[in-house]
Amino acid sequence: FPAKLLNVLKINTLRLAFSGQNLYTWTAYTGLDPEVSVRNSALTQGFDFSSYPRARTFNMNLKAQF
C-alpha cells in the first residue's frame with residue numbers, strides 16, 4: 001500500500017493476504033471427487049453416490065498496526 005495513504009489513515013503497517021483450498025480437482029474422473037468415500041470400507045473407496053463434493057474454502061486476512 002502507498003506510504004501516503006497509510007500516513008493519512010495513521011497506520012504504521014498494513015498487510016493483506018488471500019488463500020484457498022480445494023479450488024479445482026484435476027482428473028479425468030467423471031464423478032464429483034475421486035477422493036470421496038461415503039462408506040467406510042476398503043471395498044467402496046471412491047464410491048460417491050449421493051455424497052457432497054469437498055467444500056471450496058477462501059480466506060482473507062487483513063492486519064493493521066496503528
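Tutor: Two residues are in contact when heavy atoms of theirs lie within 4.5 Å. Of the contacts in this protein between residues at least 6 apart in sequence, 55% join residues at least 24 apart. The model is a predicted one, in which local features need pLDDT of at least 70 and side-chain atom pairs count only at pLDDT 80 or more, while totals for chains, interfaces and linings use all residues. Residues are numbered from 1 along each chain as its sequence is written, and side-chain values use heavy atoms, with hydrogens and water left out.

The part to look at is strand β1, residues 13-21. Helices (H or I, at least four residues) and strands (E, at least two) are DSSP runs, numbered from the N terminus. The protein has one helix and two strands, in the order α-β-β along the sequence. Confidence is given as pLDDT, the predictor's score for each residue from 0 to 100. The protein averages 79, and 62% of the residues score at least 70. Among the elements, mean pLDDT is lowest for α1, at 90, and highest for β2, at 95.

Thr 13 lies in β1. Thr 13 is partly exposed because its relative accessible area is 35%. Beyond its neighbours within four places in sequence, Thr 13 contacts Lys 63, Ala 64 and Gln 65. Ala 3 is ten residues from Thr 13 in sequence, and their C-alpha atoms are 9.2 Å apart.

Ala 17 is also found in β1. With 36% relative accessibility, Ala 17 therefore counts as partly exposed. Again leaving aside neighbours within four places, Ala 17 is in contact with Asn 59, Met 60 and Asn 61. Asn 61 is 44 residues from Ala 17 in sequence, yet the C-alpha to C-alpha distance is 5.0 Å.

Phe 18 belongs to a nonpolar surface patch together with Phe 1, Leu 5, Val 8, Leu 9, Leu 16, Met 60 and Leu 62. Patches consist of residues with over 30% relative accessible area and no salt bridge; like charges are joined within 9 Å, and nonpolar side chains (Val, Leu, Ile, Met, Phe, Trp, Tyr) within 5 Å. A salt bridge is a side-chain nitrogen of Lys or Arg within 4 Å of a carboxyl oxygen of Asp or Glu. The patch has about 890 Å² of accessible area, and α1 (3-8), β1 and β2 (57-65) each supply at least two of its residues.

Now the loops on either side. Lys 10 sits in the loop between α1 and β1, and has a positive phi of about 60° without being a glycine. Lys 10 counts as exposed because its relative accessibility is 66%. Asn 22 is in the loop between β1 and β2; this residue, not a glycine either, has a positive phi of about 55°. At 42% relative accessibility, Asn 22 is partly exposed.

For the protein as a whole, buried residues make up 9% of the 66 residues.

Key. Buried means under 20% relative accessible area, exposed over 50%, partly exposed in between (1.4 Å probe, protein chains only). Accessible areas come from the Shrake-Rupley method with a 1.4 Å probe; for residues, only the protein chains shown count as cover.
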